[in-house]
Amino acid sequence: MAMAMASVARRRASGALLAARGALAGGSGVYLRSARGFASAGDENDVIIIGGGPGGYVAAIKAAQLGLKTTCIEKRGTLGGTCLNVGCIPSKASTLLSSSPSSSIPVFSLFSPRDLGFCLVLLRQDLFLSSALLHSSHMYHEANHSFPSHGVKFSQVEVDLAAMMAQKDKAVSNLTRGIEGLFKKNKVNYVKGFGKFVSTSEVSVDTIEGGNTVVKGKNIIIATGSDVKSLPGITIDEKKIVSSTGALSLSEIPKKLVVIGAGYIGLEMGSVWGRLGSEVTVVEFAPDIVPSMDSEVRKLFQRTLEKQKMKFMLKTKVVGVDTSGEGVKLTVEPAAGGERSTLEADVVLVSAGRTPYTAGLGLEDIGVKMDKVGRIIVDERFTTSVPGVYAIGDVIPGPMLAHKAEEDGVACVEFIAGKDGHVDYDLVPGVVYTHPEVASVGKTEDQVKASGVEYCVGKFPFMANSRAKAIDDAEGVVKILAEKETDKILGVHIMAPNAGELIHEAVLALQYGAASEDIARTCHAHPTMSEAVKEAAMATYDKPIHI
Ligand SMILES: Cc1cc2nc3c(=O)[nH]c(=O)nc-3n(C[C@H](O)[C@H](O)[C@H](O)COP(=O)(O)OP(=O)(O)OC[C@H]3O[C@@H](n4cnc5c(N)ncnc54)[C@H](O)[C@@H]3O)c2cc1C
Ligand SMILES: NC(=O)c1ccc[n+]([C@@H]2O[C@H](COP(=O)([O-])OP(=O)(O)OC[C@H]3O[C@@H](n4cnc5c(N)ncnc54)[C@H](O)[C@@H]3O)[C@@H](O)[C@H]2O)c1
């Protein structure tokens with residue numbers, strides 16, 4: 001019965017996607033419609049994109065691939081936006097620095113070479129010189145925490161922070177130059193400078209070299225991203241009080257680090273510096289860390305971080321900051337008011353969210369409407385209140401994630417080209433890249449409960465997974481939520497060393513409307529961590545084998 005339901009769910013979803021593909025095929029090569037048509041010759045662009053982050057640069061490449069004459073304007077001087085320059089890539093480079101002393105042998109094969117960044121100096125360099133940095137960082141952790149129990153011993157292991165930073169910068173610059181190469185390959189015109197609307201079809205650019213040029217286009221996409229949200233009374237100097245950007249470039253390992261905000265950035269950067277030796281205290285206004293996470297998985301996650309010596313002050317607000325001395329003194333009090341106390345820190349990281357970046361764009365002059373928190377309002381085709389002007393990525397509502405910005409970018413230019421774009425914000429996976437990682441897609445249990453749908457839960461701990469046990473890195477769980485009547489999967493939450501990779505099986509399952517039985521009856525290779533996903537799926541509608 002459940003299997004029949006599963007197949008129905010699958011056919012329904014596949015049908016929907018096939019229909020979408022049919023629509024795409026119907027438009028193959030022929031631009032059916034566009035707000036303003038397409039340029040045939042001359043200087044005018046079909047598409048101008050302001051901002052060269054994951055949203056903007058991906059949109060530019062896709063537009064060019066669709067045959068549209070495309071110009072991308074970027075003020076930073078390098079492509080890749082926040083993500084490549086001061087976000088996803090440099091931060092993930094440092095997360096490779098391992099996990100808590102209590103856990104051992106992370107799965108080094110899970111990390112991608114593009115995440116390389118940190119250089120570790122091992123005194124026995126002869127063993128490691130030829131290794132890639134990913135390997136070196138893995139070895140650093142292993143050498144410090146796991147090698148001895150496996151019979152491999154070193155006299156001393158140390159970190160060279162300057163070398164780590166230099167390596168991170170090298171990785172970033174290689175990657176950003178790689179995008180410039182992709183622009184050339186796809187014939188995207190790249191203008192380095194700050195763009196400002198002078199009309200609904202013209203952008204004035206103050207170029208990095210010091211000149212000015214006006215770029216004309218039939219369609220203009222705003223992809224200007226986001227910036228750190230400052231807190232009242234706290235001035236970020238990027239030395240003692242830092243944003244994520246400063247936290248990625250500290251010249252010394254702070255003895256005491258206070259993090260304001262227990263979200264993605266706070267936990268990831270807190271983990272990085274904690275592993276390098278900082279005492280980390282996280283001050284969070286809300287009652288919980290990462291409020292968007294499934295509450296059961298969150299509790300497990302918080303306990304794990306606490307075991308790694310991260311301290312949490314929840315339901316707490318910072319009410320005063322004194323930087324006059326050598327370090328920083330923070331005055332905190334309970335969120336609901338009450339007795340104040342003082343925290344001392346060498347460095348304070350402000351990671352209380354990010355805010356859309358539209359400064360100096362001239363949006364008011366052309367009539368682009370924004371909501372109360374400064375996000376550009378768009379319709380389902382990414383069109384703003386001004387026809388021919390579009391917006392994507394962090395600057396519009398939706399999760400502030402690089403992969404979401406990329407999906408926006410592709411769909412937006414497909415719409416411009418007269419095709420059918422597709423982004424489902426309900427199925428954007430989220431990953432916190434700590435160790436273990438926490439990844440999720442779809443609804444949390446609280447959300448399912450609130451929706452009133454009857455549901456089943458299947459869970460499987462990595463303690464019962466043979467691969468996780470074999471590599472002695474078994475902290476975590478897979479949790480699957482499925483509709484009781486149809487077995488259709490509603491949400492999947494994974495805490496595991498490689499949760500950010502494991503989650504994609506679940507993303508695909510949700511995308512195709514699969515049932516938990518669909519996953520359970522799909523053959524999974526042994527021994528793999530993925531078998532835990534299969535077992536959790538079995539536990540959702542029936543019983544798992546290995547527990
Ligand atoms: C520390 C950190 C870690 C992160 N880690 C992850 C992660 O692991 N995974 C993930 O999915 N997301 C992560 N994010 C979020 C991710 O970086 C953003 O969601 C993503 O970069 C948004 O892409 P975007 O293209 O919308 O904007 P951005 O990447 O912000 O790019 C916008 C670009 O526009 C340029 N620009 C702005 N105004 C103008 C103008 N007027 N003229 C010309 N150029 C302009 C900016 O210089 C910038 O380069 C992280 C963010 C931070 C801060
Ligand atoms: N792995 C990833 O995908 C990744 C990594 C880093 C950043 N990001 C993106 O960047 C964005 C910004 O990250 P972030 O961590 O700054 O924001 P966030 O929204 O993830 O977390 C901010 C946290 O700060 C808390 N907060 C807000 N005001 C506060 C205050 N005055 N005092 C104490 N706590 C306060 C919030 O309750 C929340 O828990 C995120 O939305 C995320 O999408 C993603």
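Ligand 2 sits between domain 1 (45–89 + 166–228 + 356–417) and domain 2 (241–352), because both of them give residues to the shell around it. Keep in mind that this is a predicted model. The protein also has a domain 3 (436–541), and the centres of domain 1 and domain 2, taken over C-alpha atoms, are 32 Å apart. Here's the rundown, starting with the two ligand sites.

**Ligand 2**

- The shell around ligand 2 counts 26 residues, and the closest are G261, G263, Y264, I265 and A352.
- If you sort that shell by class, you get 17 nonpolar, five polar and four charged residues.
- Three elements, α8, β11 (316–322) and β17, each put in at least two residues.
- Which element gives the largest share of the shell around ligand 2? That would be α8, with four residues.

**Ligand 1**

- Around ligand 1 there are 37 residues, with G51, G53, G81, G225 and G393 as the closest.
- By class, the ligand 1 shell splits into 15 nonpolar, 17 polar and five charged residues.

**Helix α8, up close**

- α8 covers residues 264–275, so to speak a twelve-residue helix.
- From first C-alpha to last, α8 reaches 17 Å, close to the 16 Å expected at 1.5 Å a residue.
- Is α8 mostly covered or mostly exposed? It's mostly covered, with twelve of its twelve residues buried.
- Just after α8, G277 takes a positive phi of about 125°.

**Strand β8 and V258**

- V258 belongs to strand β8 (residues 256–260).
- Why does V258 count as buried? It has 29 other C-beta atoms within 10 Å, and the cut-off for buried is 20 or more.
- V258 and D346 are 88 residues apart in sequence, yet their C-alpha atoms are 8.1 Å apart in space.

**The five-stranded sheet**

- Five strands make up an open sheet in the order β17-β18-β21-β20-β19, and the pairing is antiparallel.
- At the edges you'll find β17 and β19 (455–461), each pairing on one side only.
- From one strand to the next, the twist averages 10°.
- Inside the sheet, β18 pairs with β21 (residues 489–496) in the antiparallel sense over six bridges.
- Across that pairing, V438 stands opposite M495 in β21.
- The edge strand β17 is also one of the elements that give at least two residues to the ligand 2 shell.

**Cis peptide bonds**

- H435 and P436 are joined by a cis peptide bond, with omega at about 0°.
- P436 sits in the loop between β17 (430–432) and β18 (437–442), two strands that come one after the other in the sheet order.
- There's also a cis bond from H526 to P527, where omega is near -5°.
- P527 is in the loop between α15 (516–520) and α16 (530–541).

- E238 isn't a glycine, but its phi is positive, at about 60°.
- You'll find E238 in the loop between β6 (226–228) and β7 (241–242).
- Buried or exposed: which is E238? E238 counts as exposed, because it has 12 C-beta neighbours inside 10 Å and the cut-off for exposed is 12 or fewer.
- V290 is another residue other than glycine with a positive phi, near 25°.
- V290 lies in the loop between β9 (279–283) and α9 (295–307).
- V290 counts as buried, because it has 21 C-beta neighbours inside 10 Å.

Conventions: Residues numbered from 1 in each chain as written. Chains lettered and ligands numbered in written order. Predicted model: local features only at pLDDT ≥ 70, side-chain atom pairs only at ≥ 80, totals over all residues. Expected span 1.5 Å × (residues − 1). Domains from an automatic or database assignment. Near = placed C-beta within 6 Å. Nonpolar A, V, L, I, M, F, W, Y, C, P; charged D, E, K, R; others polar. Pairing = 2+ DSSP bridges. Axes fitted to C-alpha atoms, helices over the stretch in contact; angles between N-to-C directions.
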